[in-house]
Amino acid sequence: MSSFDLTGTSEPWVLIVPEGTAGIRRQLSELTARGGLVHHFDARDLMTEQGVFRTFAEALRFPRYFGWNWDALVDCLDDLCGEVTGGGAGIAGVVHDADLLLRTEHFPLFVSVLCQGADRANSAVDLDGDPLDRPAVAEHFVLGFRDFDPEKIAARIELPGLLVTAGDGFVEAALDPAEWH
C-alpha cells in the first residue's frame, strides 16, 4: 500500500483500492476517532453526471445555489461546512462498487474533479496564494473496486494535469503541481 493518509492534508487526493482493504478500513476508523466523518456513496447512484451532482449535493449538504455542474462540484468540495467535515476534523468520501463507474464516459473527469476539490480543501491558501479564513481540511476520496485491475484503472484515468500512480494493490491520483499550481 502507498503512504496514503486519510487523516492528513497531503496528497494523493483519490485512492483506488480493492473493496474492503484492511489498511483503508483502519484509516477510516482513525479519521472518525479524531472526529472526522466518512461519507459513503453507492456507485449505482453516480452512473450519470446528474446522478453525481444530486448524490454529492444531498450527502454533503451543498448550498441551495449549487450550480449542478463540474465546476460547481469542485467549488462545493472546496468549501464544505463544518457539519459534514466533523467540525473541520476531516472528511473521506468512499465510493463502493466503483467498478461500475469505470465504463462511464464521465469517470476520468469525476476523478479529476474529486482531486481538484480535495486539493483546494486541503490547502490553507486560495488559488492566488493568499491565506484563507479557514484552516486546511483533510479531504480524501476512496474508490473501492471488486474487480481490481490497477493497470486498467490507471489507463482509464490518465488525463493531462493528473498524476496517476499504480502500485501493488492501489492506484493513486493527484493534481500535477506543474499544471495546477
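## How two helices pass each other

In which sense, left-handed or right-handed, does α3 pass α4 in a crossing? In this predicted model, the crossing of α3 past α4 is right-handed. The axes of the two helices, α3 covering residues 70–78 and α4 covering residues 107–121, come within 7 Å and cross at roughly 35 degrees.

On the α3 side, the residues that meet α4 are Trp70, Leu73, Val74, Asp75, Leu77 and Asp78, while α4 contributes Leu109, Phe110, Val113, Leu114, Gln116, Gly117, Arg120 and Ala121 to the contact. Sorted by class, this contact of α3 with α4 has nine nonpolar, two polar and three charged residues.

Glutamine 116, which is found in helix α4, counts as buried because its relative accessibility is 15%, and buried means under 20%. Not counting residues up to four places away in sequence, glutamine 116 touches Val74, Leu175 and Trp180.

## The nonpolar cores

The largest nonpolar core has 45 residues, and those with the most contacts inside it are Phe56, Phe62, Leu73 and Leu143. Helix α4 supplies the largest share of this core, namely seven residues. Apart from this core lies another one, of 11 residues, including Leu31, Ala92, Val94 and Val142.

When neighbours within four places in sequence are left aside, phenylalanine 62 is in contact with Phe56, Ala57, Leu73, Cys76, Leu77 and Leu80. Among these partners, Leu73 and Leu77 are also residues of α3 that meet α4.

Technical notes. Residues are numbered from 1 along each chain as its sequence is written. This is a predicted model: local features need pLDDT of at least 70, side-chain atom pairs count only at pLDDT 80 or more; totals for chains, interfaces and linings use all residues. Side-chain values use heavy atoms; hydrogens and water are left out. Axes are lines fitted to C-alpha atoms, for helices over the stretch in contact, and angles run from 0 to 180 degrees between N-to-C directions. Helices (H or I, at least four residues) and strands (E, at least two) are DSSP runs, numbered from the N terminus. A crossing is left-handed if the near helix is turned anticlockwise from the far one by less than a right angle, and right-handed if clockwise. Contact means heavy atoms within 4.5 Å. Ala, Val, Leu, Ile, Met, Phe, Trp, Tyr, Cys and Pro count as nonpolar, Asp, Glu, Lys and Arg as charged, and the others, Gly among them, as polar. A nonpolar core is a set of buried Ala, Val, Leu, Ile, Met, Phe, Trp, Tyr and Cys residues joined through side-chain atoms within 4.5 Å. Buried means under 20% relative accessible area, exposed over 50%, partly exposed in between (1.4 Å probe, protein chains only).
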